[in-house]
Amino acid sequence: MRTLEQVLADGIRDIPDYPQQGVVFKDITPLLADHSGFAQVVDALAAFGRDDDGNPVVDKVVGIEARGFILAAPVALALGAGFVPVRKKGKLPAATYEESYALEYGEATIEVHQDAFTPGDRVLVIDDVLATGGTVEACLRLIRRCEAEVVDTAVLLELSFLPGRKRLAGEQLSALVTV
């Protein structure tokens, strides 16, 4: 059996100059196509929602649009927890809370349904990549606005050369791999 490090090294490829010149995109589609590797990653992410005895400690798992959905939904199933999508503005059909955050060029807004959490719900946030931390920071504000408790934020890949971890100082943050 391959180690998690091998699975991640084999399953994440660099795509230079995508979506724009100078950016190296981290493509996880090879990982998603590898059943055993994907299962190993789901198990590793689900571990952040368990106690030392392996018991689930979360009520909900949040997936941040879009690739966070792909990872968070099977993690929620593995933990026996509910799945909550945090989406770009205008994509959810019921009443929402929204949070805006700065991008390199402009601003973006994410939303969650107002009834997505029960006050006191324990939440694991899942996303694919931590870069500047703006999206995760806005997501955490949304969850807390709903009076839920963030247990951990777990990402597949952390880009250490960007300020995401610094921006989220004081938050519980876990990464399967850091580059």
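User: Let's start with Glu98: buried, partly exposed or exposed?

Analyst: Glu98 is partly exposed, at a relative accessible area of 34%. Buried here means under 20% relative accessible area, exposed means over 50%, and partly exposed is in between (1.4 Å probe, protein chains only). This is a predicted model, where local features need pLDDT of at least 70 and side-chain atom pairs count only at pLDDT 80 or more, while totals for chains, interfaces and linings use all residues. Residues are numbered from 1 along each chain as its sequence is written, and side-chain values use heavy atoms, with hydrogens and water left out.

User: OK. Which residue does Glu98 form a salt bridge with?

Analyst: Lys89, with the closest N and O atoms 2.9 Å apart. A salt bridge here is a side-chain nitrogen of Lys or Arg within 4 Å of a carboxyl oxygen of Asp or Glu. Lys89 is partly exposed, at 48% relative accessibility.

User: How many salt bridges in the whole structure?

Analyst: The search finds 15. There's also a network of salt bridges linking Glu99, Glu137, Arg141, Arg145 and Arg167.

User: What about Arg2, which residue does its side chain meet?

Analyst: Asp34, at 2.5 Å, N to O. That pair links distant parts of the chain, 32 residues apart: Arg2 sits in the segment before helix H1 (4-11), and Asp34 in the loop between H2 and H3. Helices (H or I, at least four residues) and strands (E, at least two) are DSSP runs, numbered from the N terminus.

User: And where are Asp14 and Lys26?

Analyst: Asp14 is in strand S1 (residues 13-16) and Lys26 in strand S2 (residues 24-27), so their pairing ties together parts twelve residues apart in sequence. The salt bridge is 2.6 Å, N to O. Asp14 is partly exposed at 44%, whereas Lys26 counts as buried at 16%.

User: Switching to H4. Which residues are buried there?

Analyst: Gly68, Leu71, Ala72, Val75, Ala76 and Leu79. Seen down the axis of H4, they fall within an arc of 135 degrees, so they line one face of the helix. The arc is taken from the directions from the helix axis to the C-beta atoms.

User: Why would that spacing put residues on one side?

Analyst: An α-helix has 3.6 residues a turn, so residues three or four places apart point the same way.

User: What covers that face?

Analyst: Several elements in contact (heavy atoms within 4.5 Å), including helix H3 (35-46), strand S4 (82-88) and strand S7 (122-130).

User: And what happens just after H4?

Analyst: Gly80 takes a positive phi of about 65 degrees there.
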